[in-house]
Amino acid sequence: MTHRINLLPGGACTGGCEAEMAALKGRVEFLEKEMSALKKKCTACTGGQCPNNCSNQGKCEGGKCICHQGFSGPDCSTTPCPSNCNKKGKCVKGKCVCQQGYTGPDCRKGGDKRVKVTVETVTMKVPPEKEGTSSRKKTQLDKTIFLKKTDEKGHKQTVKADVTKPTVKQGDKTNLVKVQSNGTTTGKVVKTVGQVLWEAPQGMFKNFTVMRRELHIGGKEKDEQDVEATEKSHDTVEKLGSKGTLTMNVTESQKQSSNKTVSSAKAQSASGVNTDVKSMKKFSQVLSGTARSFHFRNLRPQTRYSISLFGSSPGSRSKIYRLTVSTGPEPPTDLVFSNITETSLSVSWTKPKSLVTAFKVMYASPAKGENGSMLVDSQLSHVLLSNLSPGSSYEISVSSSQDMTESEPVTATVVTVPDSPANLQAVNITDTKALLVWKPSQAKVDRYILSYGSTKSPNVTVTVMVSGNAVEHQLRGLHRSTLYTVKVMSQINSLQSKVVSTAFRTASAVTAGGVTSNSAVISWKSPRLAFKSYRLTYQQAGQLAKEVILNPTVTQYELTGLHADTNYTVKVDGETEGLYIVVVSTEFSTAKLPYPFPADCSEVQLNGVQKSGEAEVYPEGGDGEPVWVYCDMETEGGGWTVFQRRMDGKTDFYRGWKDYGKGFGHLSAEFWLGNDLLHALTSLKPMSLRIDLRAGNDTAYAHYSNFSVDSEANNYAIEISGYSGTAGDSMRYHNGRPFSTRDRDPSPLSIHCAKAYRGGWWYKNCYKANLNGLYATFSENQGVVWIDWRGKDASIPFTEMKLRPASITHTSQG
């Protein structure tokens, strides 16, 4: 109550007012007593009295102070602290008393209790394979998570669905690939775990709590609100619990340990009033205060998670650090290798259940310095890798791709089949030994496996293993004159290359040398036992044997007249007192013919025939009829096909058109080969002509570089030019003329020359050469005449006409 007493100056009190003032004081005291009594009486009806009358810094309403702006407290006597100490301290007389770990006027600054969350790379671990397991292995991949670093102030960052491909160290993998008998191998899939690391001073916290919550797909904004609500509920529970006025009813299901829970919390006051805290399921793990890392397992692929971390001690807790992270695509499983060869292999895998956009296949061979990768459509689950190196170890990995993100790869190791050794052959062959040599495989192999057997013992095979560094092997103790077959392959572990083989025949004491298509020289060593003679027998399969009796001093004999590309068996027996004892035996094969169907004597010569004589030729090719001719292999280098010879007059050359067309006489004596055959031979290729003349000791020849005979339809007309020689160019006179006989003169000029000069020839009007005239006739110019050498009156006793390809030249003439 307020009393207002005004003492006006200049009043009537002039010093005698003491009694009046005493009376006034008495009245005031009386009034105060009355007011005090009234207040006591009115307390029950005023609804309560405000403490200290709100310190005159607020209004009292219903017994509570409503403070004016700038004041606080139950009686409005307290000045407020800045930012209400940011909930990190208590406000005492207008100043913040911060919690441990926070400083500043408003407790904003954090101390050493700030938790740093760092990025952890994924490590790979492969459990050892147990013995006795099936050759086909299947394993599963744990899902992979990567956590991003918080900023300098510990603010939370949201990580988008962006998982970086892990870096895998080679030493973290163990090769679990096995080769099966069917050529298929299976790699065991490795497992992975994600890890979060943090830093904090030692002894600062008693516990750390890690929480994980799976977020809704497509509900990012709602997820953020839910996570924020979870953190607020955590703060509320902590504050209420610290005052001891609230309790917590927690329903939880234990997993792995009592400190790992999935819980739902609700706070309730002692009076039974519920505190509004949003319920939310979450995974949490309480760790020791010494922990600085935690592994997350069994995460789902392509899923967003909220990860939270805070430290706590009795009466205090750090702020909650939170990250939103996403797992990568689900990886493939069941990596299988098949169809493994020297340079290729097939890779297949089981596709993940979740959708992916592609698969990435990578392969590398550190030893060879090879690596490569390829993308495979998501609809496929296999790929062929080619152009690989034989016998090389490759690390194959397959990962799933979703947009720009890759899963962790499934990885295994496989070895390609080694390549075979090359150029296998037997050298230095004797009757009991042979040296095998080969070019080594490109791959570094463990060993070479050699096996060999003979025709004499078809059921016996000898197998030898030699070092992978070897390039030769000596075979000993072989049988004489025996055909052996050798097979070699390379091997790495249990992988074997393709087989390469060769064959050889051991020698005998008798050898066949100088073997051509039609001859061979047989040689042998003289035995210690003395023989009176030798019997050499030779034969080809299915034919009768031929034998030759030889002097005991002979140790070599040439077989001739053999057939080309034919196997012959030769045996040499020694005779003593009427008995024949086998000395040696061998087999050989004559050479193949360069020209199996020689067209003329030049090709017969190229087939190895070096002596003059009769031979079979095929002017119309292998499908045509063979023709016997006489080959001159001596004159001017040989290779001449002889088509006319006059030597003794025993063969009549005064004949008709048909005889000259088909030919007549004997190849070893006098003959005309035939105009039809002359046309065929000169039509094959350009031919040259040689004419040899001899009278006693005198000889002459004429050589024409161009020679041909036309068909019967054109009367076998002759074309001849390019003369050289010693006989004179008598044939130039007959160039271009048709052939005529006694019964046919296609182009007579004056008289019937064939009748007049008793022959068949390319007469003009009539001749300068008449080599088919009457033999040894010296009258009426009807003899065998070459005018430019001996004139018209001389009949030449020996003539020979022959042809060969014009491309064959020889330096010596005559």
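These are a colleague's notes on the structure above, as numbered points.

1. **What you are looking at.** This is a predicted model, in which local features need pLDDT of at least 70 and side-chain atom pairs count only at pLDDT 80 or more, while totals for chains, interfaces and linings use all residues. Residues are numbered from 1 along each chain as its sequence is written, and side-chain values use heavy atoms, with hydrogens and water left out.

2. **Confidence.** Start with pLDDT, the predictor's confidence in each residue, from 0 to 100. Its mean for the protein is 78, and 77% of the residues reach 70 or more. Strand β48 (residues 671–672) has the highest confidence, at 98, and strand β14 (residues 246–255) has the lowest, at a mean of 26. Go carefully around residues 43–47, where the pLDDT is below 50 and the model shows three contacts beyond near neighbours in sequence. Contact here means heavy atoms within 4.5 Å. Residues 233–258 also stay under 50, yet the model gives this stretch 49 contacts beyond four places in sequence.

3. **The overall picture.** The protein has seven helices and 54 strands. These are DSSP runs numbered from the N terminus: helices are H or I with at least four residues, strands are E with at least two. Of the 814 residues, 43% are buried. Buried means under 20% relative accessible area, exposed means over 50%, and partly exposed is in between (1.4 Å probe, protein chains only). The protein exposes about 44200 Å², with carbon and sulfur atoms supplying 49% of that; the areas come from the Shrake-Rupley method with a 1.4 Å probe, and for residues only the protein chains shown count as cover. Among contacts between residues at least 6 apart in sequence, 57% join residues at least 24 apart.

4. **Nonpolar cores.** A nonpolar core is a set of buried Ala, Val, Leu, Ile, Met, Phe, Trp, Tyr and Cys residues joined through side-chain atoms within 4.5 Å. Which residues touch the most other members of the largest one? They are F643, W672, M731 and W786, in a core of 53 residues. M731 has contacts with I691, Y704, I718, I720, W761, W762, A769 and W786, leaving aside neighbours within four places in sequence. There is also a second, separate core of 21 residues, with L335, F359, V376 and V410 among them.

5. **A hairpin to look at.** Strands β23 (residues 358–365) and β24 (residues 370–377) pair in the antiparallel sense over eight bridges; pairing requires DSSP to find at least two bridges between two strands. Together β23 and β24 make a hairpin with four residues between them, and G369 in the turn has a positive phi of about 70 degrees. For K360, the bridge partner in β24 is L375.

6. **Disulfides.** The whole structure contains seven disulfides, each a pair of cysteine sulfur atoms within 2.5 Å. One of them joins C54 to C65, with S to S at 2.1 Å. Its S-S torsion is about -100 degrees, so this link is left-handed. C54 is in the loop between α1 (18–42) and β1 (58–61), and C65 is in strand β2, eleven residues apart. C54 is buried at 1% relative accessibility, and C65 is buried at 16%.

7. **Two further links.** C85 and C96 are joined by a disulfide with S to S at 2.0 Å. C85 lies in the loop between β2 and β3 and C96 in strand β4 (residues 95–98), so the pair ties together parts eleven residues apart in sequence. C601 and C631 also form a disulfide, their sulfur atoms 2.0 Å apart. That pair runs from helix α3 (residues 601–606) to strand β45 (residues 627–632), 30 residues apart. The link of C601 and C631 is left-handed, with -80 degrees about the S-S bond, and both cysteines are buried.

8. **Two loop residues.** Is Q69 buried or exposed? Q69 is exposed, because its relative accessible area is 81%. Its place is the loop between β2 (64–67) and β3 (89–92), and its C-alpha is 8.7 Å from that of G58, eleven residues away in sequence. D106 sits in the loop between β5 (102–103) and β6 (109–110) and counts as buried, because its relative accessibility is 14%. Not counting residues up to four places away in sequence, D106 touches P82, S83, C85, N86 and C96.
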